[in-house]
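Look at the cores, then at one helix.

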Amino acid sequence: MNATFADFSAALAVSYQPVTRTSTRIEDYIRAHEFGRPTLVLDIDAVEAQYTALKAGLGRADIHYAVKANPAREIIERLVNLGSHFDAASRGEIELCLSLGARPETISFGNTVKRPADIAFAHASGITLYAADAEEELEKIAAHAPGAEVYIRLIVEASGADWPLTRKFGTSRDKALALMGLARELGLRPVGLSFHVGSQTRDPAMWESTLDQVAAIWIEARDAGFALDLLNIGGGFPAFYGEDIPHPTLYAAAVMDRVAARFPGVPRVMAEPGRGLVAEAGMIAAEVLLVSRKSDDDLCRWVYLDIGKFSGLAETMDEAIRYQFATDRDHEGTGPCILAGPSCDSADVLYEKRPVAMPLGLKAGDRIIIRNCGAYTSSYSSVGFNGFPPLDVVVM
Ligand SMILES: Cc1ncc(COP(=O)(O)O)c(C=O)c1O
């Protein structure tokens, strides 16, 4: 029997209270070392702790780590040893996982937009599970991975996530069944449905309307004679960026309770956490390059860092993900600052609509620690925009 959210609350002897989490271990490491360029410091033990916490709440659901969040070899190796499965977006990610010991049957090819040659490569490597949301994609899979299992990705309405993933991926309700029918005609095995609730969904209650939408299609498909046995609930598990979120075990158990209520007896459930698994296991060591005011009566100072949108902090786009910062001057009074990256591109401004409180004495050369940014930073960092090197990664 699956443990429920209530079981976990009791077992952990905690009420459903948010926790605040930052790793002093990584901060101590950064303060004890010099870095000549922006560097992401990863604590692989923290990844393991988070995996174990999420797994405890997810119960029988398989974790397929979304490799795109952070493809560091040490993370993949540790997760292979822990028995994790993987969600790969490309041939490169598949090769990485295989080279580090992941078995092909634990890897799903979850991108709905794939190159035919990469499908053929995955098929030849023994990968049997693929995502699709369009006719052409099913035709490609049928041609290059004949007989494969496919799940249909659904478009779902925005749930209130901080980093929504609506629109680009998924098919709408009126096409889902037709795609499953086509998959069957093409000799594929349409085994289930997938969706993504939106990245950084801070409250498990925000899953409810999405799960309702998916359950309605699941029932329609079952009534139409499709024997679905796989529900892929995607990612969305949150990381701590300063706003309260539940403990990962409680969060995952609360999601699974809601899944169980709507999909009773579904044989296979898979979850694809990326951010929720690795964000809190990494911090970036960065440096202030310049503090200035544009005029003498400016209320806000401009703080230019040696890292920006093109060297790892792409998720500051629209100020969607708001990182937390630590400096050696955090005992000083603070004032509002506009934060910007170092490149000669005026789009490289991190936070302006909502300025960030920074110490009044902050100056060029000061170290800045950017907390809980182990997800979607090194993988977003450009190769060398403006000649700045990509974000370095070190493992403690
Ligand atoms: C198919 C798929 N699964 C999982 C994830 C991971 O999502 P998250 O980082 O919110 O856990 C993503 C993120 O883009 C995704 O596209």
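The largest nonpolar core has 100 residues. A nonpolar core is a set of buried Ala, Val, Leu, Ile, Met, Phe, Trp, Tyr and Cys residues joined through side-chain atoms within 4.5 Å. Buried means under 20% relative accessible area, with a 1.4 Å probe and protein chains only. Residues with the most contacts inside this core are L58, Y65, Y130, I233, F325, L339 and I370. Helix α9 (residues 208-223) gives the most to this core: six residues. Helices (H or I, at least four residues) and strands (E, at least two) are DSSP runs, numbered from the N terminus.

This is a predicted model: local features need pLDDT of at least 70, side-chain atom pairs count only at pLDDT 80 or more, and totals for chains, interfaces and linings use all residues. Residues are numbered from 1 along each chain as its sequence is written, and side-chain values use heavy atoms, without hydrogens and water. The pLDDT is the predictor's confidence in each residue, from 0 to 100. The chain averages a pLDDT of 92. Over residues 1-20 the pLDDT is below 50. Where pLDDT is low, the predicted coordinates should not be read in detail.

In helix α2 (residues 24-31), I26, E27 and I30 are buried. Seen down the α2 axis, the buried residues fall within an arc of 100 degrees (directions from the helix axis to the C-beta atoms), so they line one face of the helix. They pack against these strands, where contact means heavy atoms within 4.5 Å:

| Strand | Residues |
|---|---|
| β2 | residues 39-42 |
| β12 | residues 282-292 |
| β14 | residues 325-327 |
| β17 | residues 367-370 |

Definitions and conventions. Buried < 20%, exposed > 50% of the residue type's maximum accessible area, 1.4 Å probe, protein only.
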